[in-house]
Amino acid sequence: MDIIFDLIEKERQRQAHGLELIASENFVSENVMKAMGSVLTNKYAEGYPGKRYYGGCEVVDEVETLAINRAKELFGVDYVNVQPHSGSQANAAVYLAVLKAGDKIMGMDLSMGGHLTHGSGVNFSGIQYQVVSYGVEKETGLIDYNQMREVALRERPKMLIAGFSAYSRDLDYAKFREIADEVDATLWADIAHPAGLVAKGLLNSPFEHCHVVTTTTHKTLRGPRGGMIMMGKDFENTYGHKTPKGETKMMSQVLDGAVFPGIQGGPLEHVIAGKAVAFAEAIDGQFETYAKQVRSNAQALSKAMIDRGFDIVSGGTDNHLMLVDLRNKNVNGKETEKALVLADITCNKNMVPFDDKSPFTTSGIRLGTAAITTRGLKENDMDTIAGLISEVVDNIKNEEVIGSVRKKVNELMEGRALFNY
Ligand code: PLP
């Protein structure tokens, strides 16, 4: 047998025994897994349902149409493109659809919680476009909408981005829209992280305010690794004529063209099938219970961390994640991540707002509850987890303590299935 399958088994064991606190990860269902590991991976299907460049697409047309219709129902939106291979691809398509190279964009600074594709200098978004950014207030850790407005009025970006990878509070999309309108900018929301909570109405909806919305499908949405683009009602009509080249096309056509043939070739129909399965699971009432539990767990974990003297940026969370500022504990993010991994607790080092350390070292870690909630952990387990993290942080170089924490982690996860629903 190919050694690859030994490695897959090794990884399955790692996932089963450990505490997964990476905010962008989750555990998909067995059915999502089945769809992804299916014969659909053999099929080329450049184009869109009913308009393909290859023969034999009748079945995948049905698969993709189902995925689109289920996503429309789940989010209550009028336009969906399920083809982006990843969140970054979905975002690249938005850039291509809305802007010309060299245009100015405005997103949340990476070091404040934004994503690479929101204008980081090492990403295409920061290489191909001029970038200005907004951030959070030093005292509160909350987005500074006044500063955002000031910068927008001064810099007049063509596109404003509402989205984050490491911000634990809800966004005021109406406020974002007000600012975008003042400077005639396109407003794009990237809900990659909180999509599952947005779908269930647990957080503000971006769809009535934002011209275009992108997401990943694999974080709180609990689907396969991938991306998606959506538009709410009316933007198709009111916004459909603004293309970068001055053409008069509907916005849906422009976005579809930006994905294929703009930045991608053949769609991954096996992943699109996995998305369709995950959307059906998310439409189901049980997913609402899950999403509520994700948020309750995040709030319980944040409180339990604060009780142990940890500094949580912004003082808490409205969603599934939190940023822990470790400066008062005299450890950095890098060494903490490493020590936690030795205790079978996975999270990622993360810069905190106004960090004085590099992105390779960082002063913080980011924790999320989407994955552990899928494994069945509840509020009372969050106190246990905060205690385990605290033990490691307080004994960061003590192998014996870390080993004893690992035992407790493995006991906590014992008997909890990876496929839980
Ligand atoms: N947008 C945001 C806000 C993200 O946090 C991420 C991933 O973490 C992405 C986009 C990119 O997704 P992917 O890793 O699928 O390209």
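**Exercise 1. The ligand shell**

Which helix gives the largest share of the shell around the ligand? Describe the shell by its closest residues and its classes.

*Solution.* The model is predicted, with local features requiring pLDDT of at least 70 and side-chain atom pairs counting only at pLDDT 80 or more, while totals for chains, interfaces and linings use all residues. Residues are numbered from 1 along each chain as its sequence is written.

Step 1. A residue is near a molecule if its C-beta atom, placed from the backbone, lies within 6 Å of it. On that criterion 15 residues surround the ligand, and Ser-86, Gly-87, Ser-88, Ser-165 and Ala-192 are the closest.

Step 2. Helix H4 (residues 87–98) supplies three residues, the largest share of the shell. Helices (H or I, at least four residues) and strands (E, at least two) are DSSP runs numbered from the N terminus.

Step 3. The shell contains two nonpolar, 12 polar and one charged residues. Here Ala, Val, Leu, Ile, Met, Phe, Trp, Tyr, Cys and Pro count as nonpolar, Asp, Glu, Lys and Arg as charged, and the others, Gly among them, as polar.

**Exercise 2. Two annotated residues**

*Solution.* Step 1. The unreviewed UniProt entry carries a "binding site" annotation that includes Gly-114 and His-115; such annotations may be inferred rather than shown by experiment, feature names are shortened, and positions follow the numbering used here.

Step 1. A residue is buried if 20 or more other C-beta atoms lie within 10 Å of its own, exposed if 12 or fewer, and partly exposed in between, with C-beta atoms placed from the backbone. Gly-114 is buried because 23 other C-beta atoms lie within 10 Å; His-115 is buried, with 23 such atoms within 10 Å.

Step 2. Contact requires C-beta atoms, placed from the backbone, within 7 Å. Leaving aside neighbours within four places in sequence, Gly-114 contacts Gly-107, Met-108, Asp-109, Phe-164 and Ser-165. With residues up to four places away likewise not counted, His-115 touches Gly-163, Ser-165 and Asp-190.

**Exercise 3. Helix H15 and its cover**

Which residues of H15 are buried?

*Solution.* Step 1. H15 (residues 379–394) has 16 residues and reaches 23 Å from first to last C-alpha, close to the 22 Å expected; the expected span is 1.5 Å times one less than the number of residues.

Step 1. The buried residues are Met-382, Ile-385, Ala-386, Leu-388, Ile-389, Val-392 and Val-393. They line one face of H15, because they fall within an arc of 160 degrees seen down its axis; the arc is that of the directions from the helix axis to the C-beta atoms.

Step 2. Their cover includes helix H12 (285–307), helix H13 (333–342) and helix H16 (399–413).

Step 3. Val-405 lies in helix H16 and is buried, with 25 C-beta neighbours inside 10 Å. Among the residues that Val-405 touches are Leu-388 and Val-392.

**Exercise 4. Backbone geometry**

*Solution.* Step 1. Most residues other than glycine have a negative phi, and most peptide bonds are trans.

Conventions. Contact = placed C-beta atoms within 7 Å.
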